[in-house]
Amino acid sequence: MIDTLTLLIVLMGAATVVLSVYVAYKFRQQSRQLNNGSKKLSKSLMWQLVGEACLGAGTLWFAVMAYTGKLPDVPVFLQSMVRVFIFSASSLTTIHLYLTTTRLEK
């Protein structure tokens, strides 16, 4: 049962990462046709989705390692660095989106 659930998590994670990257690419394409605040917001949303893809990729890595039974063999330092990467990408893109929307209000 746990193996099936973990496999489902791996599949969902992979689909989520692909979706985030695809939609980020679409926002990038869209931003090229926009001007001023709309362009800035579109680019900021693109980066937010890139951060989401990083978060998803890190979570997917943990799921794959758990599914293959190799997670216990991964050094704690490496696991911690992946978590730092995940949280850094998420927090930096969130701050960037907040700053962009704040600037648009002015």
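**Reading the helix packing in a predicted model**

Guide: Let us start with a pair of helices: α2 and helix α3 (residues 76-105) pack at an angle of about 165°, and their axes lie 9 Å apart. Helices here are DSSP runs of H or I with at least four residues, and strands are runs of E with at least two, numbered from the N terminus. This is a predicted model, in which local features need pLDDT of at least 70 and side-chain atom pairs count only at pLDDT 80 or more, while totals for chains, interfaces and linings use all residues. Residues are numbered from 1 along each chain as its sequence is written, and side-chain values use heavy atoms, with hydrogens and water left out.

Visitor: Are α2 and α3 roughly parallel or roughly antiparallel to each other?

Guide: Axes are lines fitted to C-alpha atoms, for helices over the stretch in contact, with angles from 0 to 180 degrees between N-to-C directions. Angles under 35 degrees count as roughly parallel, over 145 as roughly antiparallel, 65 to 115 as roughly perpendicular, and the rest as oblique. α2 and α3 are therefore roughly antiparallel.

Visitor: At what angle do α1 and α2 pack?

Guide: The angle between α1 and α2 is about 160°, with their axes 8 Å apart, and this pair is therefore roughly antiparallel as well. The residues where α1 meets α2 divide into 20 nonpolar, 7 polar and 5 charged, where Ala, Val, Leu, Ile, Met, Phe, Trp, Tyr, Cys and Pro count as nonpolar, Asp, Glu, Lys and Arg as charged, and the others, Gly among them, as polar.

Visitor: Which residues of α1 are buried?

Guide: Buried means under 20% relative accessible area, exposed over 50%, and partly exposed in between (1.4 Å probe, protein chains only). In α1 the buried residues are Thr6, Val10, Gly13, Val17, Ser20, Ala24 and Ser31, and α2 (36-68) is included in what covers them. An α-helix has 3.6 residues a turn, so residues three or four places apart point the same way.

Visitor: What is Ser20 in contact with?

Guide: Contact means heavy atoms within 4.5 Å. Ser20 has a relative accessible area of 2%, and, leaving aside its neighbours within four places in sequence, Ser20 is in contact with Leu49, Glu52 and Ala53.

Visitor: Where does Lys70 lie?

Guide: Lys70 is in the loop between α2 and α3, and with a relative accessible area of 48% this residue is partly exposed.
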